[in-house]
Amino acid sequence: MSKDIAPEGELKSKKSKKEKKEKKEKKLAKQVAEQSVEDKSQVEKAKSDKKERKRKRDAEVEVIKPISEDPPSPPKKQKKKKHDKQSAPTSSGKTTEVDVVPTASASVPAAASVTPCTPAEAEAFLKKHSITIHTPPNSETVSPVVSFEQLDIPSSLRPAFSGFKEPTPIQACTWPPALKGHDVVGIAETGSGKTLAFGIPALSQLISSPIPAKKAKKASTVTVLVVAPTRELAIQTHESLSELGAPSGIASVAVFGGVDKAPQIKTLANGNKDGKTTRIVVGTPGRILDLVNDGACDLSQVNYLVLDEADRMLDKGFENDIRAIISHTKQGAERQTMMFSATWPEAVRRLASTFQRDPVRVTVGSDDLTANSRVEQSLDVFDNTREKDDRLLKLLKSLSHKKASKKGSDEARILIFALYKKEASRVEGNLRRAGYDVGALHGDMSQSARMDALEKFKTGETGLLVATDVAARGLDIPNVGAVINYTFPLTLEDYIHRIGRTGRGGRSGRSITFFTGENHERALAGELARVLRESNFDSEADKLHKFPMTIKKKTHSSYGAFFRDDITVAPTKIVF
C-alpha cells in the first residue's frame, strides 16, 4: 500500500472534525446574527417606547388644556381631510347630522361648553335680578353663568374680567347661548356691561377661527361687524374690542362720518399700524354703507353681526341703511346676529325678527324702558326759563368747587345735557365766564374737537361737559357723579338714557332735571311722573301736579299710533 494513501479510519476522523468545526462556526454565526437582530429589535423597541411615552404626555396635556385654548398655527401644507359629521340645530329645534368642512373661517362658531350652575342657583340668580329668558320652542334651557370660572373661553380673554367680582346679569345670561352660536336679543338698563356681553363671544370665535394661510396675506378679512347709532359709541366699542383682541393679534377698525374716509379706507386695505389683520369693523350705519358702496369694505365674510342700541337704529330712521348693510353679509344660518338695547318694544321686535333666526331673548327687568335703580332722581320746576342759569350755577357750587385753575376729578365730573346745539354752546360759554373748566360735545363741532372734549372728560382733565343727546346713549364715562338735564329731552326714552350716564358699573349716581312745562315738556309731564313713581320718587313726581297727567299712547316711526302690542296669534297665509 502506498504511504500517500491514509487509512479509512483516519479519513473519517478528519471528516468528522471538519463537520464539527463547520457546525460550530455556523452556530457561532447564527448566534451573532441573532444577537444583532435582538440588538436591533431592542433599539426599535426603545424608539417605539419613547414615541409612546411622548404620545401619552401629549394626551395628558390635551386633557388638562381648556377646550378653546388658542390653536397652533396651521402648517403650510395640509392634506385634505374628509368632512366630519356635526349635529346642527334645525328650525324645529331638533338636531340633524350635517357635513362640516374643516376650515379656519367657519360661518358659525363651534359650540363652546359652559359649566352650568345648579337649577337652584340658576333660579335664585334669575329671581334676584328680575331676569326673564325667552327661548325658542323645543330648545334647551339657558343656564346663567354666575362666575367667570364657568366660562370656557381662550385664556387671552380672561384679563378682561380683572377688577370684576362676577358677571353682570345681562352677561351671565347671554354668554351661554352666544357662545353656542345662537342669535341673541339682550334687553338691559344702560351701564350693564352689554359691550362685553357681545364682545367676549365675538373674540372667542375669532381666536378659535384663525385666518387660513392662503388668506393671511389679505390685510382685511372682516368677519365681525358691530353697528352703533353714534360716532362716540362706535369709537368706544372699537377701543374696547381692540384692547380685548390685542393679545391675540386681532385688530379692529372704527368707521364713522365727520372725518376723512381715506385713513379708514387705508386701514381696511392694509391692516393697522402694527401689521395686524383687521377682522372687526365697528361703525355708524351711514359710513359703513358708504365704504361698502365704494368697494372699500368687504362684508361678504361677516358671520357675526351686532346691532348695538338696536331700538334706536331700527326706530329712528336707520332701518333702510341697516337692511342694506345686512344684505351684504352672510345670510340665514351662516350668520349669528346679536341685538342689544335698553328697551325692546313690540313693533321694533317685529322688524328685527326679519334679521334673526329663533333668537334667545334675555330681559333684565322689563321690556319697557325703566330708569336705573341706582340713580337718585330729583326735579326742579321753574315758572320762567331765565331762572335756570342762576339755578345751574348754584347747583354746581353745591356739587363741586373745581374752578378753571384746577383740574377736574372723579368727584367733580358732571355731565350737563342741553337740547339744542346752540343752547349747548351758550351754556358752555356761561360756565366758562363763571370760571369753570368746561368742555362741549355737540353736532356743530368737528369730529376731532368732539373726540378731544370727550377724552378730556373721561380722564378727568375737564370736570364739566355740556352735551346734546349725542352723548346720551351707550357712552361709558367713568365716575360721573351727577347728570343735570338743563333742558328736558324730546322723549322719555332719551331722559332715561341721559340719567343712565351716571350710576354705572354698580355705583350710585344722581340726576337733577330742570322742568318748565313749556313747549314739548308739558305733554311729557304725565310720563315723567310715572317714571318717577315707578322708581319710588313719589315726592318728586308730586311737583308736576299742576301739569296734565295724561300719558301719550306709544307710537312708532313706521306704524304711527295704530300698531298693536298684544298680537300673539301667528299670521294666517292667504292664497288667492
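## Strand β4

Which residues point one way from strand β4, and which the other way? In this predicted model, Val184 and Gly186 point one way from β4 (residues 184–187), while Val185 and Ile187 point the other way. All of them are buried. In a regular strand the side chains alternate between the two faces of the sheet.

Strand β4 pairs in the parallel sense with strand β9 (residues 336–341), over four bridges. Within β9, Met339 is the bridge partner of Val185. Strand β10 (residues 360–364) also pairs with β4 in the parallel sense, again over four bridges, and Val360 of β10 stands opposite Val184.

## Nonpolar cores

The largest nonpolar core has 59 residues, of which Phe161, Ile200, Ile280 and Leu415 touch the most other members. Helix α4 (residues 194–208) supplies the largest share of this core, eight residues. A second, separate core of 27 residues includes Val185, Val222, Ile288 and Leu305.

Apart from its neighbours within four places in sequence, Leu415 is in contact with Phe457, Leu465, Ala467, Val480, Ala482, Val483, Ile484 and Arg501.

## Packing of α7 and α9

Helix α7 (residues 285–293) packs against helix α9 (residues 319–327) at an angle of about 40°, and their axes are 10 Å apart.

On the α7 side, the contact is made by Pro285, Gly286, Ile288 and Leu289. On the α9 side, Asp321, Ile322, Ala324 and Ile325 take part. Ile288 of α7 is also one of the residues in the second core.

Note on methods. Residues numbered from 1 in each chain as written. Predicted model: local features only at pLDDT ≥ 70, side-chain atom pairs only at ≥ 80, totals over all residues. Heavy atoms only, no water. Buried < 20%, exposed > 50% of the residue type's maximum accessible area, 1.4 Å probe, protein only. Helix = DSSP H or I, 4+ residues; strand = E, 2+ residues; numbered from the N terminus. Pairing = 2+ DSSP bridges. Core = buried A, V, L, I, M, F, W, Y, C linked by side-chain atoms within 4.5 Å. Contact = heavy atoms within 4.5 Å. Axes fitted to C-alpha atoms, helices over the stretch in contact; angles between N-to-C directions.
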